[in-house]
2 protein chains.
Amino acid sequence: MENSIGLVQTKYLNLDKTIELESGKCLKNIQIAYETYGKLNENKDNVILICHALTADAHAAGYHSENDRKPGWWDAMIGPDKAFDTNKFFVVCSNVLGGCKGTTGPASINPDTNKPYGHDFPVITVEDMVKVEKELIDYLGIKKIITVGGSMGGMQAIEWAIKYPDYVDSVIITASAARLSAQGIAFNAVGRNAIISDPNFNNGDYYEGVHPERGLAIARMVGHITYLSEQAMHNKFGRNFKDKPRFDFDVDFQVESYLEYQGRIFVDRFDANSYLYITKALDYYDPISKYGSLENAFKNTNARFLVITFSTDWLFSTEQAKEVVGALVNINKDVSFVELKSPCGHDAFLIEFENQTKIIKSFLKKCGE
Amino acid sequence: MENSIGLVQTKYLNLDKTIELESGKCLKNIQIAYETYGKLNENKDNVILICHALTADAHAAGYHSENDRKPGWWDAMIGPDKAFDTNKFFVVCSNVLGGCKGTTGPASINPDTNKPYGHDFPVITVEDMVKVEKELIDYLGIKKIITVGGSMGGMQAIEWAIKYPDYVDSVIITASAARLSAQGIAFNAVGRNAIISDPNFNNGDYYEGVHPERGLAIARMVGHITYLSEQAMHNKFGRNFKDKPRFDFDVDFQVESYLEYQGRIFVDRFDANSYLYITKALDYYDPISKYGSLENAFKNTNARFLVITFSTDWLFSTEQAKEVVGALVNINKDVSFVELKSPCGHDAFLIEFENQTKIIKSFLKKCGE
């Protein structure tokens with residue numbers, strides 16, 4: 001636990017109000033799972049809100065117990081003297097709405113039926129996720145935040161600045177963009193098809209039976225192809241066999257073995273319905289279409305922006321992120337942009353800590369000054 | 001039928017010898033489906049062998065009947081005055097071993113059991129496909145050919161030059177390479193997983209019941225993502241909805257509708273087992289690993305090579321094809337290389353006829369001179 005924030009625990013906030021969603025539907029009794037690291041200062045203005053990507057959770061840093069083998073998913077970035085320095089900042093991270101790690105999602109109990117929502121869970125959007133995060137920030141009595149996110153987390157960070165311009169002092173997005181490409185939607189669609197086609201899916205109401213594990217594993221395999229660059233896959237596995245050519249249809253190449261493994265371990269920690277709902281939210285998010293242009297979307301923002309991309313990320317490419325940068329420049333907003341050279345593809349935001357830390361530290365120096 | 005070779009028919013050759021495969025297993029009673037266009041000259045040296053890609057067949061040009069709505073899959077390239085000019089050349093195209101369009105494959109009757117092979121069909125390789133094509137060429141009494149292929153067809157064209165150097169006068173490969181990338185293998189692995197996970201797959205022995213159609217459709221969806229460039233997908237569909245956001249998990253975006261359609265129509269024309277076997281052959285082909293280097297693989301070839309790539313093809317990228325070009329240059333073989341600018345991705349070899357025709361016509365002018 002050296003160099004870590006140490007032992008942390010997940011807390012829960014239960015909202016007693018009903019939240020109206022983008023779809024027009026409502027959700028009541030929402031629970032929010034969240035963690036905090038560092039100390040909130042007296043003015044409550046040293047707050048960083050970390051927004052997570054597709055399959056992560058509120059446990060962004062530290063350890064849950066002395067015996068934990070692994071720390072939170074962004075532990076390398078959050079802690080004493082790290083990019084998000086817990087000696088200075090009060091860092092908050094919550095599980096997104098629709099997730100399966102403590103915040104209300106399709107596997108949660110529907111108070112109207114006392115059974116898991118399953119397919120009765122309403123389709124949610126990134127806007128809805130942010131609306132729920134705002135409830136948490138209000139509960140904590142905070143009125144000024146820095147929003148930060150990688151991948152889908154970046155979309156939430158952006159949405160915060162658009163929707164609550166008076167709250168957001170700065171925005172940091174990494175390996176993210178204002179919207180998914182057609183190709184990104186296509187990959188999500190294939191993943192959802194694999195889940196829905198699983199005979200155990202049962203129209204989303206599978207909680208009392210066998211879960212659609214094969215479908216979810218296949219969706220995860222598709223995902224992992226898009227998280228790695230072609231070069232990273234080549235460097236990691238090349239065309240190497242696990243052993244030698246098998247001349248059958250079992251796992252043959254190392255890259256197959258990697259995907260199979262990623263699929264297999266994923267089903268133990270993630271709910272297939274959450275995968276459906278969250279990828280859908282990803283697909284839908286599109287402030288350009290909603291506001292007519294990104295310039296219009298960002299018109300009222302008061303935040304400084306830092307946009308970080310990775311040279312071999314083809315899921316959230318530099319070109320896509322430049323839409324954000326270009327729009328902010330066009331309307332004279334404060335924006336910094338860095339493309340980091342990395343062979344790691346989209347996963348780079350979870351791997352390339354050193355360069356991200358340098359840039360983020362320098363950007364955060366100006367905060368609150 | 002204007003500007004077409006006109007009415008054609010598929011012919012069948014039944015081999016009476018047993019073919020030993022790369023795996024060491026044997027296949028007997030192999031049937032080869034093939035078509036020919038144009039006239040074989042007296043010297044039998046005006047022959048072009050077209051090798052097809054993953055899901056095509058022997059019907060490369062012309063129409064099967066007056067009422068046919070669509071001609072063969074490369075009709076724009078094969079015919080009078082076309083790239084492969086049937087006024088000059090005798091063009092041959094056969095369905096690959098393992099296919100489902102007339103040549104023996106997993107859906108064929110196993111003479112030992114009088115039932116479809118199903119999962120008893122042996123794993124085959126590109127080398128095996130070429131070995132069977134050689135039987136056809138021998139049967140036709142031909143000793144000199146030009147081999148041509150796009151995508152996996154290009155691998156067969158290359159293998160011909162390596163394996164039968166005295167037979168092959170020229171090689172034309174388009175949107176192809178000497179071997180698939182790790183990423184290419186990964187996509188095939190996902191497709192195979194979708195098929196094998198389909199509850200109707202039944203370990204490949206599904207011919208008397210319902211076929212694993214959902215699995216095959218999902219495999220095809222994955223394939224189609226890789227056939228289009230990101231740019232082509234953006235241009236064709238962008239982030240447009242089919243109608244408006246549905247807020248459910250039915251087909252929402254136009255790109256989803258496209259993939260769904262491609263999956264749906266594919267299952268009517270293709271066998272899931274053939275998809276497994278042929279993608280496996282694609283994964284396995286690797287003359288670099290087999291011969292230690294491409295230079296060594298090409299050492300004894302006597303052919304002139306033409307290598308065509310497309311700028312946005314990311315399944316068989318220009319960089320991959322340059323491995324072939326570089327190796328041929330290194331050992332002083334005759335090779336021409338053109339990268340065509342195209343937004344169409346891998347599919348370009350089935351779309352960009354004009355530029356391919358110009359280059360191929362010019363290359364073929366020298367043949368037989």
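Me: Which residues touch the most other members in the largest nonpolar core?
Reply: Of its 195 residues, M129(A), W160(A), Y275(A), F298(A), W160(B), Y275(B) and F298(B) do. A nonpolar core here is a set of buried Ala, Val, Leu, Ile, Met, Phe, Trp, Tyr and Cys residues joined through side-chain atoms within 4.5 Å, and buried means under 20% relative accessible area, with exposed over 50% and partly exposed in between (1.4 Å probe, protein chains only). Keep in mind that this is a predicted model: local features need pLDDT of at least 70, side-chain atom pairs count only at pLDDT 80 or more, and totals for chains, interfaces and linings use all residues. Residues are numbered from 1 along each chain as its sequence is written, chains are lettered from A and ligands numbered from 1 in the order in which they are written, and side-chain values use heavy atoms, with hydrogens and water left out.

Me: Nice. What is M129(A) in contact with, leaving aside neighbours within four places in sequence?
Reply: V96(A), L97(A), I124(A), M152(A), Q156(A), I278(A) and A281(A). Contact means heavy atoms within 4.5 Å.

Me: Switching topic: where is I78(A), and is it buried or exposed?
Reply: I78(A) lies in strand β6 (residues 78-79) of chain A; strands (E, at least two residues) and helices (H or I, at least four) are DSSP runs numbered from the N terminus. I78(A) counts as buried, at 0% relative accessibility. Beyond four places in sequence, its contacts include Y37(A), I50(A), F84(A) and V91(A).

Me: How many disulfides are there?
Reply: Zero, over all chains, taking a disulfide as a pair of cysteine sulfur atoms within 2.5 Å. For C51(A), the nearest cysteine sulfur belongs to C93(A), 7.6 Å away. C51(A) is buried, with a relative accessible area of 1%.

Me: On to the interface, how much area do chain B and chain A bury?
Reply: About 4300 Å² between them, 71% of it on carbon and sulfur atoms. That is the accessible area (1.4 Å probe) that two parts lose on being put together, summed over both. R239(B), F247(B) and F249(B) supply 20% of what chain B buries against chain A, more than any other three residues.

Me: And how many salt bridges between those chains?
Reply: Six, each being a side-chain nitrogen of Lys or Arg within 4 Å of a carboxyl oxygen of Asp or Glu. E256(B) and R192(A) form a salt bridge at 3.1 Å, N to O.

Me: Which helix of chain B gives the most to the side that touches chain A?
Reply: That's α3(B), with twelve residues.
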